[in-house]
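Visitor: Could you take me through some of the local features here, giving the cut-offs as you go?

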Amino acid sequence: MTSRIPRDSRLRLVRPRPLAAAPQAMNQRRPRRPAPRPPEGTPARPELAGMARSGLADAARVARWADSALGPGRGSATADGKATLSDATADHAARELGLPVAKVRADWDTARLAGLVEVHGDTARPGWRLRAWNRDDSAVLRGWVALFDAWSLAHPEPAGQEPGAVAEVVSAMPQVLSFLQLSAGPVPVAQLLDLLEQRVTELRTERCEVPYGPRLEPGTPGAEPDPAPATDTALAPLLDWALHALAGVGALTCGDGQATLTPLGSWAVWVKLEQICVAAQSPAGNIEQSAEGMLRGCGRLRPNAARAEYRAWLAARPVGSAVAELLGAARGEDALLRGLAFEALRVVGAPAEPDVRGVVDEPTLRPYALLWLAEHDGADPEDAHEVLTRPEATWLWVDTAAAVADHGEAPLLVRHLESAVQATVPALLDEVRAVGHPRTVQVLVALAAAHPDPALAKAVRRAAFQVHTGGS
């Protein structure tokens with residue numbers, strides 16, 4: 001062991017803040033800036049969405065089959081409560097769809113990673129993106145971006161590879177993809193390998209710390225060796241895996257010793273570089289919208305403006321039917337709508353209390369309902385989170401993170417770590433895995449992709465892989 005400056009390897013979170021503040025964070029926007037224009041030649045959004053629909057068509061087919069064939073009283077997706085298909089279910093799907101079992105399993109995994117299907121215990125149900133598949137280009141594009149973020153889970157590395165080297169390559173690939181995007185054309189794989197070696201060497205150097213005491217000259221007995229540079233033999237196979245995995249999700253093409261981003265891949269990299277949100281802007285005429293449409297329209301408004309919209313929408317409807325419609329929207333798969341629905345119910349106030357108490361036993365709505373009731377009973381909003389058990393608070397953290405991942409910007413997802421009740425990242429990851437939220441994998445993958453700390457991102461990515469594979 002070499003002597004190094006001690007550091008806290010527990011990856012501590014910053015001081016936690018109450019979970020009650022988490023849903024409000026999504027409405028705390030910075031001043032608007034003009035939306036950047038995509039690079040010249042980027043297809044229009046409807047065309048990009050068409051590409052995404054085409055690439056995810058097989059996954060959507062399996063998700064629709066699961067919607068009709070699985071669920072309470074109709075069949076079990078898994079035999080052990082994990083998200084992987086049981087052998088009997090995979091055989092059933094293969095027979096009905098006319099596909100090989102291996103293809104069914106691959107499409108099932110893709111559907112899960114893209115948010116087209118969600119697993120709850122041993123049952124499956126369609127994700128909100130599948131419900132909006134034919135009418136909402138943003139939902140389709142976000143589903144594809146979720147798969148793009150999870151490329152290393154969709155196509156795991158070949159057996160026998162060193163886990164540390166795999167993690168380094170995954171961490172370095174954003175720079176490789178950025179170079180491909182800026183090149184706007186084919187790039188020789190040999191050039192990408194040089195870039196990957198440089199980036200991996202930087203990552204290894206960043207992990208090295210200045211030792212205590214005087215440093216001996218290289219070659220002197222007892223001197224520490226210099227960090228070994230990344231080598232072709234170590235990284236070439238992993239680059240080949242990464243490029244083919246990204247090709248497998250439709251982000252690039254490989255051939256003749258060159259790699260080229262697809263239009264969809266180039267757009268996705270540009271979106272991440274610009275950190276822009278692809279969610280639709282708030283539409284006009286919210287009073288005439290359904291609860292779901294009104295809430296979506298308020299998703300980009302500041303809190304005061306959103307409350308004004310809620311009041312106008314509620315004033316045009318009988319209280320009983322309005323509350324029922326809001327709770328119906330909250331039961332959907334979109335976590336943002338869940339949080340906003342309860343914000344609207346806060347505007348309703350006392351008339352909503354019986355209905356809110358009536359949903360306390362619904363697992364998806366329970367944390368939101370308990371917070372609403374605590375505040376209604378006079379608790380300080382900053383202290384209302386104390387009514388939640390630790391698993392309920394963790395479930396709400398994941399649900400809010402899912403809303404941020406779907407509708408917010410990457411820095412906002414990173415800042416969402418502040419609202420966790422756990423003192424360290426390892427503790428948070430352990431409890432997140434335990435609560436079994438159906439969006440756990442997508443949330444962890446998005447957080448790993450967004451977080452600037454390579455060590456923390458690696459830990460979060462490892463946890464996502466463990467949840468995805470059912471490991472521990």
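Guide: This is a predicted model, in which local features need pLDDT of at least 70 and side-chain atom pairs count only at pLDDT 80 or more, while totals for chains, interfaces and linings use all residues. Residues are numbered from 1 along each chain as its sequence is written, and side-chain values use heavy atoms, with hydrogens and water left out.

Visitor: Which residues of α13 are buried, and what covers them?

Guide: Buried means under 20% relative accessible area, exposed over 50% and partly exposed in between, with a 1.4 Å probe and protein chains only; helices are DSSP runs of H or I with at least four residues, strands are runs of E with at least two, and both are numbered from the N terminus. The buried residues of α13 are A291, G293, M294, L295, G297 and C298, and because these are 6 of the 8 residues in the helix (291–298), α13 is largely enclosed by the rest of the structure. With contact taken as heavy atoms within 4.5 Å, the cover over the buried residues includes α14 (303–315), α15 (319–330) and α16 (335–348).

Visitor: On which side or sides of α4 do its buried residues lie?

Guide: In α4 (residues 87–97), the buried residues are T89, A90, A93, A94 and L97. They cover an arc of only 135 degrees around the axis, the arc being that of the directions from the helix axis to the C-beta atoms.

Visitor: Where is D256, and is it buried or exposed?

Guide: Phi of D256 is near 55 degrees, a positive value in a residue other than glycine. D256 is placed in the loop between β4 (252–255) and β5 (258–261). Its relative accessibility is 81%, so D256 counts as exposed.

Visitor: What volume does the largest pocket have?

Guide: On a 1 Å grid over the protein atoms alone, a pocket is an open set of points with protein on both sides within 12 Å along at least five of seven lines, and lining residues have an atom within 4 Å of a point. The largest pocket is lined by 48 residues, of which D149, K272, A446, A449 and A450 lie nearest its centre. Grid points are joined across faces, edges and corners, and a volume is the space filled by probe spheres set on the points; for the largest pocket the value is about 1300 Å³.

Note on methods
1 Å grid on protein atoms, 1.4 Å probe; cavity = no way out; pocket = protein on both sides within 12 Å on 5 of 7 lines; lining within 4 Å.
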